[in-house]
2 protein chains.
Amino acid sequence: MKNLVPKNRSYRRFYQDCRIESGIIRDLIGLARLCGSAGNLQPPKFIFSCDSESNARVFPHLVWARYLKDSRGPSEGERPTGYIAVLGDTEITRAFGCDHGIAAQTIMLGAVEKGLGGCMIASIDKDGLRDALNIPPRFEILLVLALGKPREKVVIETLKPDGDVKYWRDGEGVHHVPKRRLDDIILDHP
Amino acid sequence: MKNLVPKNRSYRRFYQDCRIESGIIRDLIGLARLCGSAGNLQPPKFIFSCDSESNARVFPHLVWARYLKDSRGPSEGERPTGYIAVLGDTEITRAFGCDHGIAAQTIMLGAVEKGLGGCMIASIDKDGLRDALNIPPRFEILLVLALGKPREKVVIETLKPDGDVKYWRDGEGVHHVPKRRLDDIILDHP
């Protein structure tokens, strides 16, 4: 985890010629299957896309990188080659707690271990995505995980004293992400 | 991840004589520090306990294993030796999304890798815990991660056709957890 977590950055540019086999995606969802779930109810369900045609249907419904000037997301040629939508099955419960976060992080860590990477996206045109993937109304759309072979360098920095959390790209396209200092996220214990 | 995720079960009985050093807990929170966060806002903050006195103050405010007959939780001698409360800093945002799930799963996987284990608990007497750990009103209590060196065997089973998700303990104290089949959590893709 000490090696894996720092490598698990939010990647938004990919080698679009590197396809992801559906077996890989099923393996990743297989990790999520074993995750903890509140009351063991296991409401997260998944639908995925990994062929270029359905990937192209998914892409326009995602909102990318709000802090970057060009937030239309990756250009053609640098787009994700797989998507996993994390859904909440409302016939099981309507209280998903943070089950989707648990599942999503597990999938992303598994992806990084396999040389992939990606981005969790919560800003979604849900009606559009529902149409694109034919998702029945029973399922609430919670997150989309965009996956691929990363084509950008992402570096972690320490948040500056002004507290600005906005990530940014430098002239060479390196993506910089400011994170809070450890002492700023741990409260003094009594 | 293929090895780590199956080992990351919800453990509720521990070797209470195995203490956890605060440095270990800080390392685990250090993993959470690097996690993705919606809009990179990073609202999760943490407070922990790992000495027997403050552990004893935390314990009574947690609700354990609702499906077991004896849900008062682990007996004295088998209780967690560390707790991390995951808080939401309302001065940053009030919309925590699933950031706490992402952080919590990362911490739990890190703990398992270090030979520890535990349980994410969302059923919390929040007022009681706030008093016990002196948590300022600014912070919303989202989860408690109970940690220790696990003292029980947990096995995963496949959900039976009746769909009962309740975990159970057999005569030898082995804890059985039914999980949905992979094909039951993946929707047919279009």
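**Entry 1: the sheet**

I started with chain A and found an open sheet of four strands in the order S1-S2-S4-S3, with antiparallel pairing. Strands here are DSSP E runs of at least two residues, helices are H or I runs of at least four, both numbered from the N terminus, and two strands pair if DSSP finds at least two bridges between them. I noted that S1 (44-49) and S3 (117-121) of chain A stand at the edges with a single partner strand each, so one side of each has no neighbour in the sheet. On average, neighbouring strands of this sheet are turned by 25 degrees against each other, direction ignored.

A note for orientation: this is a predicted model, where local features need pLDDT of at least 70 and side-chain atom pairs count only at pLDDT 80 or more, while totals for chains, interfaces and linings use all residues. Residues are numbered from 1 along each chain as its sequence is written, chains are lettered from A and ligands numbered from 1 in the order written, and side-chain values use heavy atoms, without hydrogens and water.

Next I looked at S3(A) and S4(A) (residues 139-148), which pair in the antiparallel sense over five bridges. Cys119(A) stands opposite Ala146(A) in S4(A).

**Entry 2: helices on the sheet**

I then followed helix H2 (residues 22-33) of chain A, which lies across S1, S2 (82-89) and S4 of chain A and runs at about 165 degrees to S1(A). Helix H4 (residues 99-113) of chain A packs on the sheet too, touching S1, S2, S3 and S4 of chain A, and its direction makes about 15 degrees with that of S4(A). Contact means heavy atoms within 4.5 Å; axes are lines fitted to C-alpha atoms, for helices over the stretch in contact, with angles from 0 to 180 degrees between N-to-C directions.

Is Glu78(B) buried or exposed? At 17% relative accessibility, Glu78(B) is buried, whereas Arg151(B) is partly exposed at 37% (buried is under 20%, exposed over 50%, partly exposed in between, with a 1.4 Å probe and protein chains only).
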